[in-house]
Amino acid sequence: MIRVEVLGPLRITAAGGEIHSGLRKARELLAFLAVHPGGVTGEAISEALWPHSPPGHGTRQRSLALRKLRDMLRSASGLAGPMFVILAGDRYRLDPSLIATDAAGFQAALDDARHAPNDSGRLAALRKAAVLYRGPLADGARYDWAEPYAEAARRRALDTWTHIAEILEPAAPDQALAALETALGHDPYNEYLYQKIMQLQAAAGRPDAVRRTLRLLETRLTELGVTPGTQTRQVAAALLGTPGPPQRGVGSADQ
């Protein structure tokens with residue numbers, strides 16, 4: 001079984017080893033197919049990987065990349081017969097009997113969480129999803145088409161850690177806090193996460209930690225030229241028992 005990981009730097013493994021070889025566009029094609037488990041048309045592939053190309057150029061380049069991709073996977077796996085990429089109707093897709101992807105596993109885990117009968121099952125599925133998210137989609141590859149897919153995956157990962165924290169909070173607040181801090185590592189400017197972290201810290205009787213978290217947010221937002229939004233300041237003021245939030249500054253995050 002070949003494994004393709006795109007939730008983080010692109011990583012392709014087969015026969016117990018990572019595949020570092022292959023034409024760049026062949027590897028990009030593999031990543032693009034990995035985020036389209038249901039398949040994608042040849043036209044969509046050409047438009048994504050060779051945008052604004054002359055008529056016919058994208059089709060020729062797609063055929064070349066597809067051939068090189070199959071050669072790469074056959075060489076790495078030692079299997080000469082399989083196609084690895086299936087054409088069903090007008091859609092290309094990875095053969096799921098030969099290729100597993102973290103993107104498909106991530107979505108399957110989230111589906112399991114939605115249909116879990118209780119918090120225990122939901123938590124197990126969410127943790128499985130969280131482990132699969134290593135970072136921005138195809139991180140470092142600089143694929144022109146990747147940004148919207150990367151943002152969608154990042155938001156789902158943040159929701160995953162937030163839901164983990166919600167389940168853990170009543171019985172294991174320290175673990176809930178760790179989940180939120182992990183999420184913060186993937187979105188260091190997300191004010192909602194800071195609010196949730198401060199609330200957990202306050203509930204644990206740690207006002208100094210609340211102040212440190214607020215200062216950390218202020219420092220990071222300074223990099224963007226803004227200050228914490230009104231809601232965040234109100235949350236901090238309520239948790240710390242101060243008379244009211246600091247005065248709204250120029251360039252606040254909720255302007």
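Rings of Phe, Tyr and Trp (its six-membered ring) pair if their centres lie within 6.5 Å; planes under 30 degrees apart are stacked, over 60 edge-to-face, and the rest tilted. The views show a predicted model, in which local features need pLDDT of at least 70 and side-chain atom pairs count only at pLDDT 80 or more, while totals for chains, interfaces and linings use all residues. Residues are numbered from 1 along each chain as its sequence is written, and side-chain values use heavy atoms, with hydrogens and water left out.

View A. One aromatic cluster is formed by Phe 32, Tyr 143, Trp 145 and Tyr 149. Trp 145 is buried (under 20% relative accessible area, with exposed over 50% and partly exposed in between; 1.4 Å probe, protein chains only), its value being 7%. Tyr 149, at 28%, is partly exposed.

**View B. Aromatic pair of Phe 106 and Tyr 133.** The ring-pairing rule gives a count of 6 aromatic pairs. In one of them, Phe 106 and Tyr 133 are tilted, with 6.4 Å centre to centre and 40° between the planes. Phe 106 belongs to helix α4 (residues 102-115) and Tyr 133 to the loop between α5 (119-132) and α6 (146-168), so the pair ties together parts 27 residues apart in sequence. Helices (H or I, at least four residues) and strands (E, at least two) are DSSP runs, numbered from the N terminus. Both partners are buried, Phe 106 with a relative accessible area of 1% and Tyr 133 with 5%.

**View C. Largest nonpolar core.** A nonpolar core is a set of buried Ala, Val, Leu, Ile, Met, Phe, Trp, Tyr and Cys residues joined through side-chain atoms within 4.5 Å. The largest such core holds 71 residues, and those touching the most other members are Val 4, Val 6, Leu 33, Leu 69, Leu 73, Leu 137 and Trp 145. Helix α6 gives the most to this core, with 9 residues. Beyond its neighbours within four places in sequence, Leu 33 is in contact with Val 40, Ile 45, Leu 69, Val 85, Tyr 92 and Leu 94; contact means heavy atoms within 4.5 Å.

**View D. Helix α10 and its cover.** Within α10 (residues 230-240), the buried residues include Thr 232, Arg 233, Val 235, Ala 236 and Ala 237. Among the elements covering the buried residues of α10 are α8 (191-203) and α9 (207-222).
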